[in-house]
Amino acid sequence: MYRIRNLTAVGPVVALTAAIAISGLIGSTGAAAAEESPCGPRLATLELPTTAVHSGGVAQGRVRLRCPAGAATRVALASADTSWVSVPASVVVPAGAADAPIPVETHQPGNVIGALGVPITATLDHQSVSRSLPLQPGLKYFKADVPVISGDNVGLQFGLNGSAPEGGTVVRLSSDNPALRMPATVTLDRPSSGASFFGWSTRISQDANVTLTAELPGQRLTVDVALRAWTYDPGDWSITAPPVIRGGTLYGMKLNLPYPVPHGGISITFSSNNPKIGLPSATNLVEGTSGPVNFDISAATTIDADATVTANIEGVGSRSLTLHVLPGLASLGLPWEVTGGQPFEGTVELGTTTSVATTIRLSSDNPAVQVPAEVTVPAGASSVTFSGTTTSVTDLSVATVTAQLEGDSVVQYLIVDPTPAG
């Protein structure tokens with residue numbers, strides 16, 4: 001409190017000076033008080049997502065004051081339709097802050113048809129601000145065909161509570177176990193409201209529980225899939241083949257399975273330590289297969305060596321056998337033409353030097369040409385030369401000469417010219 005004394009006796013100058021001083025002091029104090037005066041808690045805005053929220057999901061809004069609150073300030077909230085949108089009864093703007101987040105939860109009491117918006121109102125004292133929250137169809141369900149034996153496809157489907165809007169709806173998909181995979185996304189085009197598709201699994205040796213997730217912004221649904229182990233005990237299985245095979249010839253090889261193939265079948269692959277071995281292609285044996293299963297095996301003609309062949313059953317293991325490969329026929333050499341009644345020479349060649357004596361059968365389909373019934377390539381050699389004969393002919397004649405070694409053969413043609421008149 002400022003006290004004003006009687007200034008009359010002091011004189012007019014002193015009185016005026018004092019009055020000015022007091023006036024200035026009061027003026028400056030009033031201005032300072034005005035500057036320090038708070039603006040008071042007043043609502044500024046209510047902010048909500050402008051992009052339509054997927055029903056059944058969550059979102060966030062925000063309430064803002066005109067200026068930071070001097071003390072914690074409670075703002076009341078209300079939804080015009082709580083069956084679709086829920087907000088808390090109020091939020092508190094902390095002291096010194098000018099805004100606070102609003103958690104928003106949406107629901108699916110029915111299908112979203114057309115444009116749907118739910119008004120939300122914020123109230124402080126007697127001031128209210130309302131905004132509308134737009135909604136679009138969200139995920140309604142996510143299902144899987146369960147249980148599943150690992151290695152099988154898994155039937156999956158999801159649906160929205162309404163038709164996909166213009167521009168479509170992209171649903172993101174994920175799995176918490178690489179043994180069961182799905183597409184990364186599935187897009188629903190307008191006016192689709194759901195999709196059926198497959199996930200694919202790989203075989204595992206122990207049961208597993210896999211969680212699959214379908215997501216939209218602000219919303220996610222999960223489904224658990226019991227993935228059962230795939231196992232197969234074929235018993236004392238084996239592969240068998242002739243202990244000695246010859247290059248150029250096809251031989252039978254047997255896969256012997258004492259116990260039947262289980263659900264889903266099995267994959268069989270073959271390999272060898274020698275790239276010149278002709279192996280069966282990878283194959284799948286269907287459920288229930290058992291006993292001997294026949295395959296073909298062959299080899300190039302240019303081998304004289306041991307070779308190992310291995311069969312591998314998916315999820316079971318491998319069995320191997322060792323066989324010896326002998327050289328096969330490479331060629332039959334004959335002259336192009338011979339005058340009837342004249343002898344000739346021919347040569348039979350193997351693909352490589354043989355470690356054992358090898359007998360080759362010869363034949364001719366024309367009596368005008370005679371060849372030995374058989375010739376032998378000695379061990380340590382790769383070819384043999386033989387002599388043949390022809391008979392006199394009056395007209396040009398052609399003979400087909402064949403060399404045969406086990407299941408393989410080569411042919412050559414020999415022209416017999418007419419014998420000159422004597």
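This text walks through the salt bridges of the structure and then through some features of its backbone. The model is a predicted one, in which local features need pLDDT of at least 70 and side-chain atom pairs count only at pLDDT 80 or more, while totals for chains, interfaces and linings use all residues. Residues are numbered from 1 along each chain as its sequence is written, and side-chain values use heavy atoms, with hydrogens and water left out.

Side chains of opposite charge can pair when their charged atoms come close. A search of the whole structure finds seven salt bridges, a salt bridge being a side-chain nitrogen of Lys or Arg within 4 Å of a carboxyl oxygen of Asp or Glu. One of them joins glutamate 47 to arginine 64, with 2.7 Å between the closest N and O atoms. This pair links distant parts of the chain, since glutamate 47 belongs to strand 1 (residues 43–47) and arginine 64 to strand 3 (residues 58–65), 17 residues apart; strands (E, at least two residues) are DSSP runs, numbered from the N terminus. Glutamate 47 is partly exposed at 33% relative accessible area, and arginine 64 is partly exposed at 30%, where buried means under 20%, exposed over 50% and partly exposed in between (1.4 Å probe, protein chains only). Both residues also belong to a network of salt bridges that links Glu47, Arg62, Arg64 and Asp99.

Glutamate 166 lies in the loop between strand 12 (153–160) and strand 13 (169–175), and arginine 190 in the loop between strand 15 (185–188) and strand 16 (194–201), so the pair ties together parts that are 24 residues apart in sequence. Glutamate 166 is exposed, with a relative accessible area of 69%, and arginine 190 counts as exposed at 51%. Arginine 190 is also joined to proline 191 by a cis peptide bond, with omega about 10°.

Another salt bridge, of 3.0 Å from N to O, brings together glutamate 314 and arginine 203, which are 111 residues apart in the chain.

The backbone holds another cis peptide bond, between valine 146 and proline 147, with omega about -5°; proline 147 is found in the loop between strand 10 (139–144) and strand 11 (148–149). Aspartate 125, in the loop between strand 8 (116–124) and strand 9 (127–136), has phi near 55°, a positive value in a residue other than glycine, and this aspartate 125 is exposed at 60% relative accessible area.

Terms used:
Helices (H or I, at least four residues) and strands (E, at least two) are DSSP runs, numbered from the N terminus.
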